[in-house]
Amino acid sequence: MVENNRWGNFFAHVVLILGVAIIVFPVYVAIIASTHPPGTFVRGVMPLWPGTHAWENYTTAITEGRSRAGTPPIGGMLWNSFIMAMAITIGKLSISILSAFAIVYFRFPFRILFFWIIFLTLMLPVEVRIVPTFQVVADFGMLNSFAGLSIPLIASATATFLFRQFFMTVPEELMEAARVDGAGPMKFFKDILLPLSVTNIAALFVIMFIYGWNQYLWPLLITTDPEYYTIVMGIQRMVTGGDSEPLWHLVMATVVLAALPPVLVILFMQRLFVKGLTETEK
Amino acid sequence: MATITMDNLCKVYTGGVQAVTGVNLDIADGEMIVLVGPSGCGKSTLLRMVAGLETITDGTLKIGERVVNALEPAERDIAMVFQNYALYPHMTVFNNLAYGLKNRGFKKAEIDRRVREAAQMLEIGQFLDRKPRQLSGGQRQRVAMGRALVREPAAFLFDEPLSNLDAKLRVQMRVEIRQLQRRLGTTSLYVTHDQLEAMTMADRLVVLNGGVIEQVGTPMDLYSHPETTFVAGFIGSPAMNMLPADFLRAKVAAEELAHLPAKADLIGIRPEDFSTAPPGEGDLVLSGQLLLLEPAGAESHLHMRFEGFDKNVVVRLSHVPAAEEGQDLTFSVRRAALHPFDLESGQRVA
C-alpha cells in the first residue's frame with residue numbers, strides 16, 4: 001500500500017462505500033420506519049424520509065406493547081435483557097478469569113485434563129446441548145427465572161482460554177516479586193493480575209454482553225411467563241403476535257431499541273476494547 | 001543483617017536434572033558474595049533457592065540462626081532484585097516501593113518515610129508518581145533496587161541486575177550498588193555471568209561450574225591462585241593461555257621449569273604476564289610470530305603463534321607495540337607467573 005494509485009484509491013473507496021451502504025441501509029430503513037404512523041406501510045411503499053410519529057411509536061412500544069395481542073410492553077423486556085446480559089457477562093468473566101488463574105498459576109493433579117475439559121466445551125454451544133440443559137434447568141425449577149436465563153450460558157471456554165493466554169504472557173518474575181513482597185496467591189491476583197487484565201476484561205465484557213443480549217433460542221425455550229420475556233424474543237412476539245397484520249412501526253421501534261444497548265456498550269468501551277484486543281502491557 | 005549458611009545444598013528438578021550439587025558456603029554478616037559462572041552452571045538456581053523461589057531438594061539453608069528451607073520467600077526476610085526488574089507495570093514508582101511494606105502491615109507514615117528515604121538515596125525522588133514504562137532502563141533498575149532497599153531486609157539477592165543495561169550504565173550502576181551495599185552493610189548475594197562485574201564487586205567470589213563450587217575466595221585470590229583450569233580460564237580477560245608442559249620444555253632451558261612438580265603437564269600463563277622487557281634471572285624466554293595485533297588505546301592484545309603449539313597464544317601489553325603482523329617477537333615470563341595444572345583432573349598442582 002505504498003503506491004499512491006489514483007484509480008486504485010477510487011476503486012477501493014467505491015467497494016468500501018458499497019459495503020458500508022449494504023450494511024447501513026437496512027438499519028436506516030428500520031430507524032425511518034419506526035418514525036411513521038401505522039397507516040404508511042399498508043400502501044406497500046417504504047418511505048425513505050423520517051416521519052413525524054417517532055415519539056408516539058416509541059412510547060407505545062415501551063409502555064404498552066401490543067397488549068391485546070399478548071405482547072407486553074417492551075420496557076420490561078429491555079430491563080430483562082439487560083439483567084440477563086449483565087448476569088451472563090459478569091458470571092462468565094468472573095468464572096473464566098478465576099479458572100484461568102488456577103490453570104496458569106497452580107500445579108494440581110489433572111491440571112491439563114481440566115484445561116482440556118474446559119476447552120472441549122467450546123464445541124458445545126447452547127444450541128447443541130439445549131434439550132439436556134433444558135431438562136436440568138427444569139428439574140432445578142429454574143424455568144421462568146433470571147437464574148434459568150443466565151446460569152446455563154455462563155460457562156465460557158473462550159474467555160477462560162483468552163485469559164489463560166494473557167496470563168501466560170505476564171512475566172513469571174512479577175509473580176515471584178509479589179511472593180518476595182509478601183503477597184499470597186489471592187493478593188497477587190487482586191493487586192497485580194486483575195489490574196493488568198483490565199483491557200482484556202473490557203474487551204471480553206463487550207463481546208460477552210452482546211452475546212448475552214442477543215440470546216434468542218434459550219430465552220424463548222425456558223420462558224413462558226411474559227414477565228421474563230427478553231427484548232430479542234419481543235421482536236418476534238411483535239411480528240407474530242395475534243391474528244392481525246404486524247404493526248411494522250412498532251416492530252421497527254422494538255428493533256431499534258433492541259439494537260441500541262450493544263451499540264452503546266461498544267461506543268463507551270471502544271477505546272478499552274480495541275486496546276484489549278491489540279495491546280499487551282507488560 | 002544476618003549470616004547465610006548453606007550446608008550441602010542440592011537441587012534436583014523433577015525430571016532428574018541435577019542443577020546444584022552439595023554446595024557448602026558460609027556468608028558472613030555484611031559480606032558481598034558474587035556467584036559467577038557460565039550459563040547453566042546453577043548460579044541462578046542457587047540464588048533462587050536462597051530466595052525461596054525454588055524448593056531445596058537436600059541440605060539445609062540458614063539465614064541468621066533460622067533454618068529457612070520450608071519458609072515462603074516473604075518469611076525469609078530477604079529482598080530480591082530481578083534481571084528484568086519485575087516492576088509492577090500498573091503501579092506508580094511509589095507504590096512499587098511501598099507494596100512489600102503494605103503487605104507487611106507497616107504504618108502509612110513509616111512506609112512514606114522509608115520510600116522517600118530510599119528514593120532519595122537512589123535519586124529517583126522526582127519519579128515517584130510515574131509508572132515504570134515512563135522510565136528509562138537505568139531508572140527502572142534504580143526502582144528495582146529501591147524496592148529491595150525499603151524493606152531493610154537481612155539479605156539482598158541480586159539476579160544479574162545489570163545485564164539489561166548498556167555498557168556505560170552498567171559500569172556506573174556497578175559502582176553505585178557496591179557503594180550502597182558497603183554503606184548499608186547488608187549481606188548480599190549477587191549473581192552474574194560477567195567476570196569483570198564479579199571481580200570488581202565481590203568481597204568473595206564463588207565460581208560455579210555444573211552445579212558444583214569450583215573455588216571460593218577473594219577476587220585477587222582467584223586471579224592469582226586459581227585452583228582449577230576452569231577458574232583459571234574463567235577469571236581474567238583475555239582468558240589465561242593453557243600451554244602443554246611438553247611444549248614449554250622443548251622451548252626453554254630445563255632448569256627454568258625444574259621448580260614445577262612432575263605432574264604439572266599443563267601450564268597456564270596469563271596474557272598480561274608476558275613482558276617485552278629484557279629477561280631477568282631465571283625468566284622464561286619465548287618467541288613466536290605475531291598473527292594479529294588488536295590495539296585498544298591504552299593496551300593491546302597480540303595473538304601469537306609459537307612453533308610447536310597449534311593454538312593462538314594471547315599476549316596483553318600495556319602499550320601498543322610498533323610491530324607488523326607476521327613479525328617475530330620475543331617475550332619474557334617470570335617463573336612465578338606460571339600456573340601449573342594437572343591436565344587430567346584440571347586441578348592445580350603447586
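**Close-up views of a predicted two-chain model**

**Figure 1. Packing of helices α2 and α3 in chain B.** Helix α2 (residues 93–103) of chain B and helix α3 (residues 108–121) of chain B pack with their axes 10 Å apart and at an angle of about 135 degrees; axes here are lines fitted to C-alpha atoms, for helices over the stretch in contact, and angles run from 0 to 180 degrees between N-to-C directions. That angle makes α2(B) oblique to α3(B), given that angles under 35 degrees count as roughly parallel, over 145 as roughly antiparallel, 65 to 115 as roughly perpendicular and the rest as oblique. The crossing of the two helices α2(B) and α3(B) is right-handed, a term used if the near helix is turned clockwise from the far one by less than a right angle, with left-handed used if anticlockwise. From α2(B) the contact draws on B:Phe94, B:Leu97, B:Ala98, B:Leu101 and B:Lys102, and from α3(B) on B:Ile111, B:Arg114, B:Val115 and B:Ala118, where residues are in contact if their C-beta atoms, placed from the backbone, lie within 7 Å. Sorted by class, this contact of α2(B) with α3(B) holds 7 nonpolar, no polar and 2 charged residues; Ala, Val, Leu, Ile, Met, Phe, Trp, Tyr, Cys and Pro count as nonpolar, Asp, Glu, Lys and Arg as charged, and the others, Gly among them, as polar. The model is predicted, so that local features need pLDDT of at least 70 and side-chain atom pairs count only at pLDDT 80 or more, whereas totals for chains, interfaces and linings use all residues. Residues are numbered from 1 along each chain as its sequence is written, while chains are lettered from A and ligands numbered from 1 in the order in which they are written.

**Figure 2. Backbone details in two loops of chain B.** B:Glu123 has a positive phi of about 55 degrees although it is not a glycine, and this residue is found in the loop between α3 and α4 (137–149) of chain B. The peptide bond from B:Ser237 to B:Pro238 is cis, with omega near -5 degrees, and B:Pro238 has its place in the loop between α8 (229–234) and β11 (241–244) of chain B. Helices (H or I, at least four residues) and strands (E, at least two) are DSSP runs, numbered from the N terminus. Most residues other than glycine have a negative phi, and most peptide bonds are trans. Chain B averages a pLDDT of 91, and 100% of the residues score at least 70, pLDDT being the predictor's confidence in each residue, from 0 to 100.

Figure 3. Helix α3 (residues 74–105) of chain A and helix α7 (residues 157–169) of chain A have axes that come within 8 Å and cross at roughly 45 degrees, which makes α3(A) oblique to α7(A). In a right-handed crossing, α3(A) passes α7(A). Residues of α3(A), including A:Leu93, A:Ile97, A:Phe101 and A:Val104, meet residues of α7(A), among them A:Ala159, A:Phe163, A:Phe167 and A:Met168. The contact of α3(A) with α7(A) divides into 10 nonpolar, 3 polar and 2 charged residues. The axes of α7(A) and helix α10 (residues 198–213) of chain A come within 11 Å and cross at roughly 165 degrees, and the two helices α7(A) and α10(A) are therefore roughly antiparallel to each other. Here A:Ala159, A:Leu162, A:Phe163 and A:Phe166 in α7(A) meet A:Asn200, A:Leu204 and A:Met208 in α10(A), a contact with 6 nonpolar, 1 polar and no charged residues.

**Figure 4. The two domains of chain A.** The domain assignment of chain A gives domain 1 (6–67) and domain 2 (74–280), with bounds that come from an automatic or database domain assignment. The C-alpha centres of domain 1 and domain 2 of chain A lie 30 Å apart, and 17 residues of domain 1 of chain A are in contact with 15 residues of domain 2 of chain A. On the side of domain 1 of chain A that touches domain 2 of chain A, α1 (6–33) and α2 (54–63) of chain A each supply at least two residues, and α2(A) gives the most, with 6 residues.

**Figure 5. The interface between chain A and chain B.** In this view, 16 residues of chain A are in contact with 17 residues of chain B. The largest share of the side of chain A that touches chain B, 6 residues, comes from α8(A). The residues of that side of chain A divide into 8 nonpolar, 1 polar and 7 charged. The predictor gives the complex an ipTM of 0.85 and a pTM of 0.82.

Notes:
Contact = placed C-beta atoms within 7 Å.
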